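The following exercises are to be worked through with the model at hand. Each task is followed by a stepwise solution.

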Amino acid sequence: MSLAVILLLLFVIGGSLAALFGTAPLDLAGILADRYLAHVLLFTTIQAALSAVLSVGFALPVARALARRTRFPGRTLLLRLFGLPMVMPAIVAVFAIVTLYGESGWLHGLAAGIGLPLGSFLYGIEGILIAHVFFNMPFAARTLLAGLESVPGESWRLASQLGMRSSQVFRLIEWPALRAAMASTAGLVFMLCFASFTVTLTLGGGPAWASLEAAIYQALRYDFDPPRAAVLALLQLAISGGLLLALHRLMVPAPVSPGIGRPQPRPDVAGWSGKILDAGLLVLAGLYVGLPVLAVVISGLSGALALVLGAAATWRAVVIGVAVSMVATLLAVAGALCLILARRRLLPPGLVAFIGSLPLACSPLALGAGLFVLLLRLGAPLDLGLGLVALINGVMGLPYVVRVVAPAAAEAAARHDRLAASLGIAGWSRWRLIDWPLLRRPIGLAGALVAALSFGDLGAIALFGTPNTATLPLLIYQQLAAYRLDAAAVTALLLVALALGGFVLIERLVGGPEHG
Amino acid sequence: MAEPMLELAEVTFRYEDLVMRFDLRVERGECVAVIGPSGAGKSTMLALIAGFEAPLSGRIHIEGSDVTALPPARRPVTSLFQEHNLFPHLTAAENVGLGIDPGLRLDAAARARVSAALDHVGLAGFEARLPGQLSGGERQRVALARSLVRKRPLLLLDEPFAALGPAQRREMLDLVNALGRDLGFTLLFVSHQPEDARHAASRVLFVENGRILCDGPTATIFTPPLAAPLAAYLGIDEPGTG
């Protein structure tokens with residue numbers, strides 16, 4: 001079984017790679033001399049680096065404020081809000097950011113209201129950074145907060161007894177606890193932003209601000225230049241692969257040493273200046289993440305509701321999207337489970353883990369470009385598009401499932417393997433009696449995540465979608481491109497509502513009751 | 001007689017369903033062992049004295065002054081925990097130096113005091129070692145050296161030697177006792193091992209369910225007939241056979 005999954009992965013990724021290599025003019029000197037390529041590469045790197053620095057730089061004081069203030073009204077709500085960008089489709093966030101920061105947006109309205117004319121700034125690197133920080137700052141803040149919360153209680157007691165001040169606490173306790181987490185988080189954000197497609201395509205505002213991913217799309221869909229797309233895709237895969245390897249080295253799991261169980265009071269939280277600073281930071285972070293969410297809801301409800309909800313195209317897109325994301329989710333979950341449950345038997349675990357994380361290095365656009373080229377060469381009709389979209393999203397979702405489910409599966413194996421073996425529980429009975437009850441919660445969570453991500457994904461569908469096979473994200477992209485903001489508003493709200501609703505539904509249905 | 005080193009007067013504290021109440025008077029220079037089952041409130045009592053927890057009611061006096069409302073740093077107390085007494089990224093000397101200045105601005109005289117303290121606990125020349133390069137016992141010696149440079153008269157030990165073997169534990173207790181005598185410290189130590197109490201303490205408190213149920217000189221408290229709750233804890237059924 002797991003062999004089949006590995007073969008499928010190798011076939012998809014390898015086939016795509018082979019097609020790319022077959023198409024790309026393998027002329028290294030030519031590639032290096034290509035000024036457009038150099039420009040795209042440089043810009044992709046710069047925007048990813050800036051995004052990583054800004055996201056982590058903003059996340060650090062926010063995480064610290066959250067760690068210092070363990071009790072204030074709305075803390076739980078703020079942390080929930082910080083989880084939203086993870087499942088918010090990129091195209092919806094782009095719409096929200098246009099609504100907030102665009103020329104006819106809220107910010108410009110506010111500025112005009114107080115007589116402060118504001119120039120247009122959104123399209124270009126500014127917009128890209130605004131969006132990338134929206135996506136990654138909350139995630140980084142939550143990661144860093146977890147790092148701070150893992151400081152043993154004894155350290156806080158020691159700091160209290162020694163009378164450390166806020167700056168000393170930062171230097172001697174917080175910074176050492178965060179240094180490693182900051183490096184790996186920044187690396188991850190860099191990788192995610194390096195592979196950013198939707199944001200750079202829509203907010204980049206043209207070829208001058210194109211990332212590699214957006215350039216692949218433009219090469220295939222606008223210029224119909226498969227060799228160029230192939231070169232770009234190979235570059236993307238090579239760099240992402242290198243980054244993934246580098247990141248694996250950065251991600252050394254911190255030694256877990258449980259100290260005093262209960263959270264300990266900190267010595268540096270009494271001062272008024274600190275209180276005001278933290279409150280200001282948390283309000284700012286809350287607004288930065290919360291306002292786009294609010295913008296989606298408000299403009300969605302006041303948009304062209306009747307027009308969009310009455311259109312057959314909308315509902316066709318919903319049906320297609322649900323079908324595609326269901327197939328993708330089933331593929332990802334089934335594939336991941338085969339890998340995970342077999343990892344202790346057939347193959348060395350390191351190899352399985354590596355293969356499981358391979359899709360992280362593949363962007364949907366690069367993978368899609370390979371399959372696109374493959375189809376062209378085989379002369380197959382592009383009508384296969386929707387199946388490929390599901391396949392690509394499934395492959396892309398697989399590592400998420402592995403990440404969420406594998407630790408729980410390893411724990412279950414460590415605890416129950418011997419008992420199960422001694423009682424002779426194996427095969428289907430083992431799955432039914434032991435693995436499924438213990439793993440259904442992480443499986444539900446991972447499945448819900450993959451379904452939401454694939455339902456909101458624009459990458460693969462942008463390559464293979466046609467006017468007749470558009471999903472909601474593609475519909476929004478077309479509406480934005482045509483400046484039909486009132487229609488995009490409603491479609492965006494519908495997409496978010498369905499993605500979130502689907503997420504909750506799948507998590508509950510598969511994951512089972514809360515304390516099952 | 002002079003005022004006591006430590007006095008707990010009707011100190012109450014609530015943890016989940018257990019309401020604790022402590023009344024205690026400890027004279028200067030005593031070495032008091034606190035024994036009892038886990039969850040009885042031994043560590044909580046030490047946390048209340050150090051100021052890590054605030055009592056529901058009652059007063060805590062140290063050297064005659066009321067410290068109930070003081071933050072931990074302003075109480076004349078040093079605590080040693082079971083683990084995490086040292087910051088893993090700071091050297092032994094720096095970990096000790098924190099006791100002189102929590103910002104680690106140390107002049108030559110301060111550094112000399114740090115070295116002297118390390119010498120005093122048998123770790124001469126260990127200044128540049130990181131905690132990861134030290135054994136469990138050596139790490140606790142470094143923490144002990146920090147309590148020497150802090151010079152707070154009341155030392156609270158919350159099972160810092162629990163992870164050590166019996167011989168090493170006795171050795172550490174002897175070291176603590178010797179330091180206590182040299183520098184005039186008053187000691188309270190929590191232990192799960194009655195033989196530790198017998199070996200090192202001049203006085204024993206038996207704590208159960210958030211109360212001090214037995215309190216007396218070591219010489220008499222372990223002498224049969226034992227008090228009923230202590231006998232039950234030690235697993236001695238009939239008084240007089242232990």
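**Exercise 1.** Does Asn209(B) count as buried, exposed or partly exposed, and how many C-beta neighbours lie inside 10 Å?

*Solution.* This is a predicted model, in which local features need pLDDT of at least 70, side-chain atom pairs count only at pLDDT 80 or more, and totals for chains, interfaces and linings use all residues. Residues are numbered from 1 along each chain as its sequence is written, while chains are lettered from A and ligands numbered from 1 in the order in which they are written.

Step 1: apply the classes, by which a residue is buried if 20 or more other C-beta atoms, placed from the backbone, lie within 10 Å of its own, exposed if 12 or fewer, and partly exposed in between. Step 2: Asn209(B) has 15 C-beta neighbours inside 10 Å and therefore counts as partly exposed. Step 3: locate Asn209(B) in the loop between β9 (203-208) and β10 (211-217) of chain B; strands (E, at least two residues) and helices (H or I, at least four) are DSSP runs, numbered from the N terminus. Its phi is near 50°, a positive value in a residue other than glycine.

**Exercise 2.** Describe how helix α17 (residues 364-378) and helix α18 (residues 385-423) of chain A cross.

*Solution.* Step 1: the axes, lines fitted to C-alpha atoms over the stretch in contact, come within 10 Å and cross at roughly 140°. Angles run from 0 to 180 degrees between N-to-C directions. Step 2: under 35 degrees counts as roughly parallel, over 145 as roughly antiparallel, 65 to 115 as roughly perpendicular and the rest as oblique; α17(A) and α18(A) are therefore oblique to each other. Step 3: among the residues in contact (C-beta atoms, placed from the backbone, within 7 Å), Pro364(A) and Leu367(A) of α17(A) face a set in α18(A) that includes Leu388(A) and Ile392(A).

**Exercise 3.** Characterise the overall form of chain B.

*Solution.* Step 1: chain B has eight helices and 10 strands. Step 2: its radius of gyration, taken over C-alpha atoms, is 18 Å, close to the 18 Å that the globule rule (2.2 Å times the number of residues to the power 0.38) gives for 242 residues, so chain B is as compact as a globular protein of that length. Step 3: 43% of the 242 residues count as buried.

Terms used
Two residues are in contact if their C-beta atoms, placed from the backbone, lie within 7 Å.
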